[in-house]
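Subject: Salt bridges in the attached model

Dear colleague,

Please find the structure below. My notes on its salt bridges follow.

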Amino acid sequence: MENRGTRLERLPSLTGMRFIAAFIVFGFHINAAGLWPYLDVPFRQGATGVSFFFILSGFVLTWSARPGTAPTTVWRRRAAKIFPNHVATWLVVLVAAAAVTPATALANLSLVQAWFPGESVYFSLNTPAWSLSCELAFYLAFPLLIKWQMRRPWLVASATTIAIMTVPAIALTMPGPLEYWFVFVFPPVRALEFILGMAMARVVQQGKWIGVGLWPATALFVVAYVGSWYLPASFPYVAGTVVPLALLIPAAAVADLTGRSSPWRSKWMVWLGTVSFAFYMVHQIVIRVSEKFLDVHAFPLAAALGMFVVSMLGAWLLYRLVEVPAERLIKGAPRPALVTPASARTAPPADRRAA
C-alpha cells in the first residue's frame with residue numbers, strides 16, 4: 001500500500017462517508033429544535049461530525065499532497081473549496097434575518113470567528129461556518145505541516161490522541177462558556193484532530209496499517225458514538241469518539257485500495273457526499289426559517305422530513321450554481337464531474353447548544 005512518488009488512488013468511500021457525517025449533523029440540529037423525541041438517541045451526539053470532518057481533512061490533504069506544490073497553490077485550492085458556499089450563505093443570512101454588529105459580520109465573513117470566545121461571535125450568522133474558521137487555520141498551516149515526514153506515524157497519532165483526551169481535563173478549571181469554547185471551538189485545539197488525520201494518512205501511505213477492517217471499525221465507532229454521551233464534563237465533545245474515528249477513516253481508505261466491500265462508494269453515496277458540503281451549509285438556514293414562519297411542532301415528523309428535502313434541494317442548487325462554477329473560476333481548472341473523488345471539503349456541525 002505504499003504510494004511514495006506515485007499518483008495516489010482515489011478513495012470514493014471517504015466521499016460517501018461525508019454525507020453520513022453531514023446527515024447526523026442535520027439530525028442533531030433537528031433534535032436540538034425539539035421536533036421529535038425519538039431522534040434524541042441517534043442524533044444527540046451529532047457534534048461528532050466535527051471530529052470526522054477535521055480528521056478527514058488532515059487525512060485527505062496529506063493523501064493528495066504532491067511534492068513541490070507551492071503554498072499559494074494550496075491556499076488557492078482550499079479557498080476555492082470553502083469560500084464560495086460560505087460567502088453565498090453568509091449573504092443570505094445577513095440579508096434575511098441577522099441582527100449582528102458590523103465587526104461580528106466581518107469576523108464571520110473572513111472566517112476568524114472561532115478565535116473569539118463569545119458565542120455571539122463564533123456562532124453568529126450561519127452557525128456551521130465556525131468550523132470553516134478552524135479549517136481555514138488548518139489550511140494556512142498545511143504547507144508547513146506537510147514537510148513533516150512523520151517517520152513514526154503511529155507515535156505521532158498516539159501522542160496526538162493523548163493530547164486530545166487531555167484537553168477536557170485541562171478545561172475543567174475554566175468557567176463553563178470558556179471551557180466549551182476551548183474544547184470544541186478553539187482552532188489550535190481542534191488542529192490536533194487535523195494532525196491526527198495527517199498521521200493516519202502517513203500510516204496507510206507507509207504500509208503500516210494494522211489491518212482493522214471497515215466493519216469492525218464501524219462497529220467500534222457506533223458503540224463510542226452512543227456511549228460517549230454518558231462521559232462527564234466536556235469529554236463527550238471530542239475525546240469520546242476520537243479513537244474510533246481515527247481508525248474508521250483509514251479503514252475505509254484501505255477498503256478502497258484493496259477492493260474490499262464498502263457501502264460508501266456506490267454511485268449514489270458518492271453523489272450525496274459530493275453535495276454534502278452544500279447540504280451542511282444550507283440545512284441550518286432551512287431549519288431556522290421553518291421554525292420562524294411555520295408551526296413545525298404541529299406535525300414534527302412531517303416538518304423534519306420536509307426540512308431534509310428542502311435542504312437537499314438547496315444543497316443541489318448551491319452546488320450547481322455557486323460551488324462548481326466558483327471553484328472552477330478560482331482554481332482555473334476544468335469543471336469537475338458531479339461524482340468526484342474524496343476531497344477535503346468540510347462542513348462540521350455545531351455542538352449540543354449550537355442550535
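In this predicted model, Lys81 and Glu327 form a salt bridge through their side chains, with an N to O distance of 3.0 Å. The pair links distant parts of the chain, 246 residues apart: Lys81 lies in helix H4 (residues 71-96) and Glu327 in helix H15 (residues 300-331). Both ends count as buried, Lys81 at 10% relative accessibility and Glu327 at 8%.

The terms are used as follows. A salt bridge is a side-chain nitrogen of Lys or Arg within 4 Å of a carboxyl oxygen of Asp or Glu. Buried stands for under 20% relative accessible area, exposed for over 50%, and partly exposed for what falls in between (1.4 Å probe, protein chains only). Helices are DSSP runs of H or I with at least four residues, numbered from the N terminus.

By the salt-bridge rule, the count is four. One of them joins Glu193 and Arg190, at 2.6 Å from N to O. These two residues sit three apart in helix H10 (residues 187-205), so about one helical turn separates them. Glu193 is buried at 1% relative accessibility, and Arg190 is buried at 0%.

Another salt bridge pairs Arg44 with Asp40, whose closest N and O atoms are 3.2 Å apart. Here Arg44 is buried, with a relative accessible area of 10%, whereas Asp40 is partly exposed at 29%.

On conventions: residues are numbered from 1 along each chain as its sequence is written, and side-chain values use heavy atoms, leaving out hydrogens and water. As the model is predicted, local features need pLDDT of at least 70 and side-chain atom pairs count only at pLDDT 80 or more, while totals for chains, interfaces and linings use all residues.

Regards
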